[in-house]
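Please consult the sequence and the three-dimensional model shown here before reading the briefing.

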Amino acid sequence: MTCENHSRVTEFVLLGFTSNPDMQVSLFVLFLAIYSVTLLGNFLIVTVTSVDPALQTPMYFFLRNLSLLEVCFTLVMVPKMLVDLVSTRKVISFVACGTQMYFFFFFGSSECFLLSMMAYDRFVAICNPLRYSVIMNRSLCLYMAIGSWLSGVPVSMLQTAWMMALPFCGPNSVDHFFCDGPPVLKLVTEDTTTYEMQALASTLLFIMFPFSLILVSYTRIIGTILRMPSATGRQKAFSTCSSHLIVVSLFYGTASLTYLRPKSSQSPESKKLVSLSYTVITPMLNPIIYSLRNNEVKGAVKRTITRKVLKKNCIKGSQH
């Protein structure tokens, strides 16, 4: 655990996407635009699901939590990535790297469990509609949301504490755009087999366990939908789940490529693109998916904007 004849690494260099200055500027503009859309879209979802009376249901309560989680998730990585794209010295201290890694694991694990809670909500709504309001009461929803947020604590503490206690005595260049586990692990100067086995076990528990809950929920949901006598009823029931299914597919599909295959033969550039998809692109797409595919959200957005415009006009009118 100690570095003999070598000093311990005190900072890491994040190599990012490219060393070409012109390309870095283009990427900065692109990612800044994506981040702006991400913040705007998710804060819009939080606002409309908070103030619109028609959206005070468990489904939108969990959606609000998902949007807050996405904002926190991107805040861990994107601002630092943007700064590095316009900086000549792309370094991050050892402590800051560990902190970034901790919150990345924390919010990522929390999102896995929150998505499974959202699947359970849809399961109760479709498979047991008469008792939906009784089962999904305010207290249960609150406990489910708190449990989802706190579920990220054990895995993030274990993964980060163990990782940062390993000896980093040699190279300090991380071939990635943030302090993710697999690329940082490559810099450890001792055998990491034990850590990798633990990391895989944690991944299976904190990614595949909630994913299994989602699969079970949707197996029951699909069976219930297929037994519905009305085609209109089937279409309406499926439409309430489609947005969540798309979000789950995007998040789990890309994350599993990285964490279920940590030593795959993919090139570093390919791994960066995969990581980019679930850390930057997916959080931007989530509010768009839920807004475009949900008439209630679209209606709430229109009502909220209309109220803002009317309020602004009334204020102007009173001033005149």
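This is a predicted model: local features need pLDDT of at least 70, side-chain atom pairs count only at pLDDT 80 or more; totals for chains, interfaces and linings use all residues.

Residues are numbered from 1 along each chain as its sequence is written, and side-chain values use heavy atoms, with hydrogens and water left out.

**Overall chain**

- The protein chain holds 11 helices and three strands; helices (H or I, at least four residues) and strands (E, at least two) are DSSP runs numbered from the N terminus.
- Read from the N terminus, the order of elements is β-α-α-β-α-α-α-α-β-α-α-α-α-α.
- The C-alpha trace spans about 70 × 60 × 30 Å along its principal axes.
- Of the 320 residues in the protein chain, 48% are buried, where buried means under 20% relative accessible area, exposed over 50% and partly exposed in between, with a 1.4 Å probe and protein chains only.
- Among contacts (heavy atoms within 4.5 Å) with a separation of 6 or more, 80% join residues 24 or more positions apart.
- The accessible surface of the protein chain is about 16100 Å², and carbon and sulfur atoms contribute 68% of it; these areas come from the Shrake-Rupley method with a 1.4 Å probe, and for residues only the protein chains shown count as cover.

**Helix α6**

- Helix α6 comprises the 14 residues 152–165 and reaches 20 Å from its first C-alpha to its last, close to the expected 20 Å, a value defined as 1.5 Å times one less than the number of residues.
- The buried residues of α6 are Gly152, Val155, Ser156, Gln159, Thr160, Met163 and Met164.
- Seen down the axis of α6, these buried residues fall within an arc of 125°, so they line one face of the helix; the arc is that of the directions from the helix axis to the C-beta atoms.
- The cover over the buried residues of α6 includes β1 (11–14), α3 (94–127), α5 (138–150), α7 (181–185) and α8 (193–226).

**Nonpolar surface patch**

- Leu142, Ile146 and Leu150 form a nonpolar patch on the surface, with about 270 Å² of accessible area together.
- Leucine 142 lies in helix α5 and is partly exposed, at a relative accessible area of 43%.

**Methionine 117**

- Methionine 117 belongs to helix α3 and counts as buried at 18% relative accessibility.
- Leaving aside residues up to four places away in sequence, methionine 117 touches Phe62, Met144 and Ser148.

How values were computed. Patches are made of residues with over 30% relative accessible area and no salt bridge: like charges are joined within 9 Å, nonpolar side chains (Val, Leu, Ile, Met, Phe, Trp, Tyr) within 5 Å. A salt bridge is a side-chain nitrogen of Lys or Arg within 4 Å of a carboxyl oxygen of Asp or Glu.
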